[in-house]
Amino acid sequence: MTGIYPTLEATSIENRLAAIHTCESLMGKPTKGATILGLHLEGNYLNMQMKGGQPAQYISNPEPEEYKALLESTNCIKRWSVSPELPGALELGKYASEKGVLVSLAHTVADYPLVRKAFEAGYTHATHFYNAMTGVHREGEFKREGTIESIYLMDDITVELVADGIHVPPAILQLVHKLKGAEKTALVTDAMSAAAYPDFSRISESWVIIEDGVCKLADRSAIAGSIATSDRLIRTMVHQAELPLTEVIRMASEAPARIMNIFDKKGSLEKGKEADIIIFDPDINLQMTIIEGEVVYRKS
């Protein structure tokens, strides 16, 4: 991974402002790691029914005074994940997308008519596809489409996969690639802080545990995030989902850059673009990381 959008879960306004300040101070500055490209807000505007590991006390409906003030105060917010069925969520989508923010469906029970309305309002992406959203289900004696099927029907909605082999099983990873293709499917880690440490032993969040190769809520009622790194996503897609390496690399580099509208400078090896390069061995083990032409990691 050579560039990241740190993700902020549902939290207090004080924590949001602190995260914005930190992100602004880091953007565009040289580091010995991945470049900070902007902030991703996953909340607070989420459906309580599909909150997963999000803290319930901060979940709320969109308030124009709140989100407009945030977006007017900074240009570091590059992405916002929202449940489009909430009152006022479509208006948020229009406003934020006009500001250049990627607005994404998330933690949602939206059906096909609402997904179409959301797309028209600026929701062009789906956050951690298949997780915290509905699939086909019964309502009484009748079948109803879920958010997942609705997103498949919308050709221009892009998706992302937490491709650790746990959040989404390998067969479904194959299905997403078959239906959406490499150009509209990005790989994301959805990683929590524990992923930064080799043995995953340091967890700053007291309400989660590491078990079965994934982060879970301490009561084991839901998956709360991952401990995957980007190289693990690529290995999973190649070795478990059995997809061609060339397609998987596009999903890990080109697709995210296109989705975030930075393909003019990142996402492929071309003259004039930033020299962000990751070198693997034949078994897809990381050997070297180069960011903007500087070697920041070399396996000893």
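Tutor: Helices (H or I, at least four residues) and strands (E, at least two) are DSSP runs, numbered from the N terminus. The model is predicted: local features need pLDDT of at least 70 and side-chain atom pairs pLDDT 80 or more, while totals for chains, interfaces and linings use all residues. Residues are numbered from 1 along each chain as its sequence is written, and side-chain values use heavy atoms, without hydrogens or water.

Student: Which strands supply at least two residues each to the lining of the second largest pocket?

Tutor: These include β3 (35-36) and β17 (294-298). A pocket here is an open set of points on a 1 Å grid over the protein atoms alone, where a 1.4 Å probe fits, with protein on both sides within 12 Å along at least five of seven lines; lining residues have an atom within 4 Å of a point.

Student: And which residues lie nearest its centre?

Tutor: Tyr5, Leu37, Ile262, Lys265 and Lys266 do, out of 27 lining residues.

Student: Turning to α2, which residues are buried?

Tutor: In α2 (residues 64-73), Tyr67, Leu70 and Leu71 are buried, that is, under 20% relative accessible area, with exposed meaning over 50% and partly exposed in between (1.4 Å probe, protein chains only). Down the axis of α2, the buried residues fall within an arc of 90 degrees (directions from the axis to the C-beta atoms), so they line one face of the helix. Glu65 and Glu72, on the other side of α2, are exposed.

Student: What covers the buried residues of α2?

Tutor: The cover includes α1 (13-26), β5 (77-82) and α3 (89-98), contact being heavy atoms within 4.5 Å.

Student: Which residues of α3 are buried?

Tutor: Ala89, Leu92, Gly93, Tyr95 and Ala96 are. Their cover includes α2, β5, β6 (102-105) and β7 (123-126). Just after α3, Gly100 has a positive phi of about 90 degrees.

Student: What does Ile77 touch?

Tutor: Leaving aside residues up to four places away in sequence, Ile77 touches Ile20, Leu39, Leu41, Leu70, Leu71 and Val101. Ile77 is among the residues that touch the most other members of the largest nonpolar core, which has 54 residues; such a core is a set of buried Ala, Val, Leu, Ile, Met, Phe, Trp, Tyr and Cys residues joined through side-chain atoms within 4.5 Å.

Student: Where is Gly165 found?

Tutor: Gly165 is in the loop between β10 (158-162) and α6 (170-180), and counts as partly exposed because its relative accessibility is 21%. Gly165 and Met237 are 72 residues apart in sequence, with their C-alpha atoms 8.1 Å apart in space.
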